[in-house]
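Please open the structure in your viewer and keep the selection tool at hand.

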Amino acid sequence: KQWYQRRVRVFSAIHLLDKCCFPLMSNARSQLESLQEEKIEDQKEIIKLQKELIGQKNEELGLVSKTVETELKSYSSALQKSCSSALSPKNIAAAVQKVTKEEDRSKEVVVFGVSEEQGECAETKITEILEQLQEKPQIKNCRRIGQPTTGAVRPIIFSVKSSDIVYQILRKAKGLRDIEGYKAVYISPNRTREERIIRQKLVSELKKKRSGDPNSRYFIRKGEIVKLDI
């Protein structure tokens, strides 16, 4: 009897599995297969999109490469034209002439405030001034500059061998303010017109600062006004 009851329970369980679980498992298997198919389709779509993206990137890179190549050719052409123009004999000659003038100007000194008389020797007057500074350089091309004007004293310009000598003279020039008979003499480098305009503005500003702040010392150094507290 017990054996029979066990057989009944077993058959009941098998019947229950056959009725409930097997259909569920079959349905799950079917859904799983469906999901796998969908996954495969999705992967195919992703691969397709990747190929399209790669193709688009290659096309864009081709356009960029072509644009860069065109720009480089344009720049190269412009550069060649610019170099050809810059290296033309006329431009080279002008550049050499400019450098030569600047080099010559760096060896020149201009002296203001030296009395002017008819039949004078400008070189003798300059030699006397330089002796006061204990300088005895070889002087060349010493002359008055500008047209004679009644009531005005023309400056004297002269050349020396090097710009180092010019620097030495300018460095000592302020000492003339303490020597009787030379206090009105002012020595400067031979500046261009633009440099003279800039210098005049600096001097004008310097005078204003000294007038407005007498307790400080102002002076010009390297193109700028410098303040030194006393």
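The stops that follow concern an aromatic pair, a loop residue, salt bridges and charged surface patches.

**Before starting.** This is a predicted model, in which local features need pLDDT of at least 70 and side-chain atom pairs count only at pLDDT 80 or more, while totals for chains, interfaces and linings use all residues. Residues are numbered from 1 along each chain as its sequence is written, and side-chain values use heavy atoms, with hydrogens and water left out.

**Stop 1: the aromatic pair.** Rings of Phe, Tyr and Trp (its six-membered ring) pair if their centres lie within 6.5 Å; planes under 30 degrees apart count as stacked, over 60 as edge-to-face and the rest as tilted. By this rule there is one aromatic pair. Select Phe112 and Tyr186: the ring centres are 6.1 Å apart and the planes stand at 35°, so the pair is tilted. Phe112 belongs to strand E1 (residues 108-112) and Tyr186 to strand E4 (residues 186-189), so that the pair links parts of the chain 74 residues apart. Helices (H or I, at least four residues) and strands (E, at least two) are DSSP runs, numbered from the N terminus.

Phe112, at 34%, counts as partly exposed, and Tyr186, at 39%, counts as partly exposed.

**Stop 2: Ala184.** Select Ala184 in the loop between helix H4 (163-173) and E4. Its relative accessibility is 64%, and Ala184 therefore counts as exposed.

**Stop 3: salt bridges.** A salt bridge is a side-chain nitrogen of Lys or Arg within 4 Å of a carboxyl oxygen of Asp or Glu. The count by this rule is seven. Select Glu116 and Arg154, whose side chains form one with an N to O distance of 2.6 Å. Glu116 is in the loop between E1 and helix H3 (122-132), and Arg154 is in the loop between strand E2 (140-144) and strand E3 (156-159), 38 residues apart. Glu116 is partly exposed at 28%, whereas Arg154 is buried at 18%.

Next, select Glu120 and Lys125, a salt bridge whose closest N and O atoms are 2.9 Å apart. Here Glu120 is partly exposed at 24%, while Lys125 is buried at 15%.

Then select Lys227 and Asp213, which meet in a salt bridge of 3.6 Å, N to O. Lys227 lies in strand E6 (residues 224-229) and Asp213 in the loop between helix H5 (193-212) and E5, 14 residues apart. At 46% relative accessibility, Lys227 is partly exposed. To see a network, select Glu117, Glu120, Lys125 and Arg144, which are joined by salt bridges that share partners.

**Stop 4: charged patches.** Charged patches consist of residues with over 30% relative accessible area and no salt bridge, like charges being joined within 9 Å. Select Arg171, Lys174, Arg177, Arg210 and Arg217, which form a positive surface patch. Arg217 is in strand E5 (residues 216-221) and is partly exposed at 46%.

Finally, select Glu37, Glu38, Glu41, Asp42, Glu45 and Glu52, which form a negative surface patch. Glu38 lies in helix H1 (residues 2-86) and counts as partly exposed at 45%.

How values were computed:
Buried < 20%, exposed > 50% of the residue type's maximum accessible area, 1.4 Å probe, protein only. Patch = residues over 30% accessible without salt bridge, like charges linked within 9 Å, V, L, I, M, F, W, Y side chains within 5 Å. Areas by Shrake-Rupley, 256 points an atom, 1.4 Å probe, with all protein chains shown as cover. Lys, Arg positive; Asp, Glu negative; His and termini not counted. Charge placed at Lys NZ, Arg CZ, Asp CG, Glu CD.
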